[in-house]
Amino acid sequence: MKRKVITTSDGSKTIQIEDWNEQYHSVHGAIQEANHVFLKHGLLFYFQEIFKKTENLKGQESVSILEIGFGTGLNAFLTLLEAEQLNLHIDYVGVEAFPVKQEEINQLNYVSLISKAHKSQFDLLHQSTWESQHKISKYFQLEKQKIDFNQITASNQFNIIYFDAFGARVQPELWTESIFEIMYKALRSNGVLVTYSAKGSVRRAMESVGFTVERLPGPPGKREMLRAQKN
Ligand SMILES: C[S@@+](CC[C@H](N)C(=O)[O-])C[C@H]1O[C@@H](n2cnc3c(N)ncnc32)[C@H](O)[C@@H]1O
C-alpha cells in the first residue's frame, strides 16, 4: 500500500497510508495525541492512582506495558522519557507485525521536537533486535515482538496496555470481543487499557469481556477516548 510521511497540526510527523486515508497518529497532532491518550490517561494515571496507592505498597517495583502497534516508536519514546522523570522502571513490550522501515523512521522529527539529548535511545528503540529484551536506558527495558495481535498469549503479565491499532473503520477485526479477551487476559488485576477510540461498539466489546470502561476527554480534535480497567 502507498505510504507517505506527513506533518500533523502540532508540527510532528506521522505516516499516512494513502489507500486507507489512515494515519499512524491523529492529524491534529501526533505528539499531542500520544501524550494525552497514552501518557496522561495511561501511564500517569496508573502510576498515581494505582501503582503508588496499592501495587507499590504490595511490593511491586516496576511497571509493565504492552503496546498494541509499536509503529514509529513514538509512544515508546515518550514512555522512556517519562520513566526517567518518575524514577520508575518500565518493562515495555511492543507488538508489531509490520515494522516501519528505517527510511521512514529517518523522516520523523520526534527527537528534534521532544529531546535531542535522547537521540541514541530513540535509535536503539528501532535498531534493537526483535524477540529479545534490551535495556535501552537506566529505567526502560524493551522487547519487540514481531507477531500478529491474535498471537499474543500473555496471561496476567501487564499493568498497562496502550491499544493503538489502526481505526475500526479500516481494521474492524482488531476492535472485537475476541481481541479484547486477549487483552483482558494479558493484563494483571487493576491493570488499565487506554485507547484513542471512543466508539460505542468498542466500549460494548470491552465491557462484554469483563472490563469496566470510562469515557474521558479526548486529545485536541477528538471529543472522547476510552479507558478500560480489569478489576
Ligand atoms: C496506529 S499504528 C501504531 C502507531 C504506534 N503506536 C506509534 O506510536 O507509531 C498501528 C500499528 O499496528 C500494526 N498492525 C496492524 N495490524 C496488525 C496486526 N494484525 N498485528 C500486529 N500489528 C498490526 C501496523 O503495522 C501499525 O504499525
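I take buried to mean under 20% relative accessible area, exposed over 50%, and partly exposed in between, with a 1.4 Å probe and protein chains only. The model is predicted: local features need pLDDT of at least 70, side-chain atom pairs count only at pLDDT 80 or more, and totals for chains, interfaces and linings use all residues. Residues are numbered from 1 along each chain as its sequence is written, and side-chain values use heavy atoms, with hydrogens and water left out.

**Entry 1: Leu142**

I looked up Leu142 and found it in strand β7, residues 140-145. Strands (E, at least two residues) and helices (H or I, at least four) are DSSP runs, numbered from the N terminus. Leu142 counts as buried because its relative accessibility is 0%. I then listed its contacts, a contact being heavy atoms within 4.5 Å. Leaving out residues up to four places away in sequence, Leu142 touches Phe70, Tyr92, Gly94, Leu125, Ser128, Ser132, Gln133, His134 and Ile136. I also checked Met225, which is 83 residues from Leu142 in sequence and 26 Å from it in space, C-alpha to C-alpha.

**Entry 2: the nonpolar core**

A nonpolar core is a set of buried Ala, Val, Leu, Ile, Met, Phe, Trp, Tyr and Cys residues joined through side-chain atoms within 4.5 Å. Which residues touch the most other members of the largest one? They are Phe180 and Met183, in a core of 79 residues. Helix α1, residues 30-55, gives the most to this core, namely 13 residues.

**Entry 3: the ligand**

Next I noted some atom pairs. A polar backbone atom of Gly69 is 2.6 Å from a nitrogen atom of the ligand. For Ala97, a polar backbone atom is 3.2 Å from a nitrogen atom of the ligand. His25 has a polar side-chain atom 3.1 Å from an oxygen atom of the ligand. How much of the ligand's accessible area does the protein cover? It covers 97% of the 610 Å² that the ligand has on its own, by the Shrake-Rupley method with a 1.4 Å probe.

**Entry 4: Glu22 and Val170**

Glu22 lies in strand β3, residues 22-23. Its relative accessibility is 11%, so Glu22 counts as buried. Glu22 touches Ile15, Gln16, Ile17, Phe166, Gly167, Arg169 and Val170, with residues up to four places away in sequence not counted.

I turned to Val170, in the loop between β8 (158-163) and α6 (177-186). Val170 counts as buried because its relative accessibility is 16%. Beyond four places in sequence, Val170 touches Trp20 and Glu22.

**Entry 5: positive phi**

Asn87 has a phi near 55°, a positive value in a residue other than glycine. Asn87 sits in the loop between α2 (74-86) and β5 (89-95). Is Asn87 buried or exposed? At 53% relative accessibility, it counts as exposed.

Asn190, also not a glycine, has a positive phi of about 75°. I found Asn190 in strand β9, residues 187-195. With 22% relative accessibility, Asn190 counts as partly exposed.

Definitions and conventions
A polar contact is a pair of N or O atoms within 3.5 Å; within protein, one must be able to donate a hydrogen and the other to accept it, and residues adjacent in sequence count only if both atoms are side-chain atoms.
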